[in-house]
Amino acid sequence: MTDRSSPRCTAFWPAIWRVAFGMTLAAHLSLSAHADEPIKIGFSTSLTGTLASSGKANLLAQQIWQEKINAEGGLLGRPVQLDYYDDQSKADPVPGIYAKLIDVDKVHLLMGAATNLIVAAMPEIMQRQKLVMVLVALGSNDEFKYPRYFQTAAWGPDAKGVMGRAFFEVAKTITPRPKTVAIVGADAEFSNNVMTGARAIAKQEGFNIVYDHTYPPSTTDYSPIVRAIQATNPDLVFVASYPLDSVGIVRAATELNLKTQLFGGGMVGLQYATFLQQLAEKLDHVVNYHLYVPSPTMSFPGIEDFLKIYQARAPQQGTDPLGFYQPPFAYAAMQILEQAVKATGTLDDGKLADYIHKNEFDTIVGKIRFDARGEWATPRLLMIQYQNIQGNNLDQYRTSGKAVILYPPEYKDGELQHPFFQ
């Protein structure tokens, strides 16, 4: 034990104080030097091309968060700046965009979006050991297993199988239990991942796959595909598709009176207002995945306030007027970064990644905790059914009853209506 009253000790402590004061002063000067410099959050986003409906909606959500946080004084006493480039919904320019963001723009934090786009960026991100917070990418880290990757959609640990699992859980509630399934989808990254998962779940649950084919992403006529499916007389039809083909397949299925108990599952696009308006009553009885719909079972703190701000601004920015699908999760991604930076007091990628892995976050889409691969530790994908749709008026979707939650059980707010076409 040291006697702090001894001459030796009294000579020692002033030296410690001088060092500590010097370190504190240096830290203060360093913080002061950066006080006016913005914290840059960089990402590629799809402002044009086939994914523009997602990109524009997500960007508005991110901007709403940015304005809020800057009005409150920023992060670490510094304003937040969003640096982004249009990737045109194509993977080719994405590696160059992220190289520029990191090496030229010197952004502090990275975000990303869309399965095929973030996959193209991962080598650049991993090489530079940057943390990346990703919006609605499916199974993109399954191969990389990069510890600084985090993804904010509610897929859960089995991202590839989550849509198939939810779809077949709904199918199992039908009496008598269905036996056969047709699986179809676009020959592209996202849909191939979804179809891989659906095949595995179907086999696990004892469903006989009677049709299993992909179609080129350039397909425009889906009538031959639907006729080929109908020829196998399946009890269930599971579809994994991108927005434009989702619309085409639904149109073909309704125009050809496709006879099946359940139709849908993994169709991107049917969550967006523009496609809800285009399809109108053709959506009746379509069963499909979703991330959020208005329901008393999904009344998370802050979600309604966010949607009011978003929906008020969406028409002027030419983006999805409802904003139920991805925007709340884009905002939640910003909340996670905000909470991690405030808790750690740093922008260090490694320290932030460690903190995010170890902690739970309160967001407008509920509590989020991540697993080792950066996915939600507990999945919360919704399987909904469009019911009793009346025309293309969007107001009918602003309250519960039109997009009825069938799965998971703790969020269920209605009953399945089947068959698909009566």
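A word on the model. It is predicted: local features need pLDDT of at least 70, side-chain atom pairs count only at pLDDT 80 or more, and totals for chains, interfaces and linings use all residues. Residues are numbered from 1 along each chain as its sequence is written, and side-chain values use heavy atoms, without hydrogens or water.

Helices first. The axes of H10, residues 303-317, and H11, residues 327-344, come within 11 Å and cross at roughly 115 degrees. That makes H10 roughly perpendicular to H11 (65 to 115 degrees; under 35 is roughly parallel, over 145 roughly antiparallel, the rest oblique). Which residues of H10 and H11 make the contact? On H10, Ile-303, Phe-306, Leu-307 and Tyr-310; on H11, Pro-327, Pro-328 and Tyr-331. Contact means heavy atoms within 4.5 Å.

Now the rings. The structure holds 19 aromatic pairs (ring centres within 6.5 Å; planes under 30 degrees apart are stacked, over 60 edge-to-face, the rest tilted). Take Phe-167 and Phe-238. Their centres are 5.2 Å apart and their planes at 80 degrees, so the pair is edge-to-face. Phe-167 sits in helix H5, Phe-238 in strand S8, 71 residues apart. Phe-167 is buried, at 0% relative accessible area (buried is under 20%, exposed over 50%, partly exposed in between, with a 1.4 Å probe and protein chains only).

Next, Tyr-289 and Tyr-325. Here the centres are 5.9 Å apart and the planes at 65 degrees, so this pair is edge-to-face too. Tyr-289 lies in strand S10, Tyr-325 in the loop between H10 and H11. Tyr-325 is buried, at 3%.

Last, a cluster. Ring pairs link Trp-155, Tyr-272, Phe-275, Tyr-289 and Tyr-325.

Definitions and conventions
Axes are lines fitted to C-alpha atoms, for helices over the stretch in contact, and angles run from 0 to 180 degrees between N-to-C directions. Helices (H or I, at least four residues) and strands (E, at least two) are DSSP runs, numbered from the N terminus. Rings of Phe, Tyr and Trp (its six-membered ring) pair if their centres lie within 6.5 Å; planes under 30 degrees apart count as stacked, over 60 as edge-to-face and the rest as tilted.
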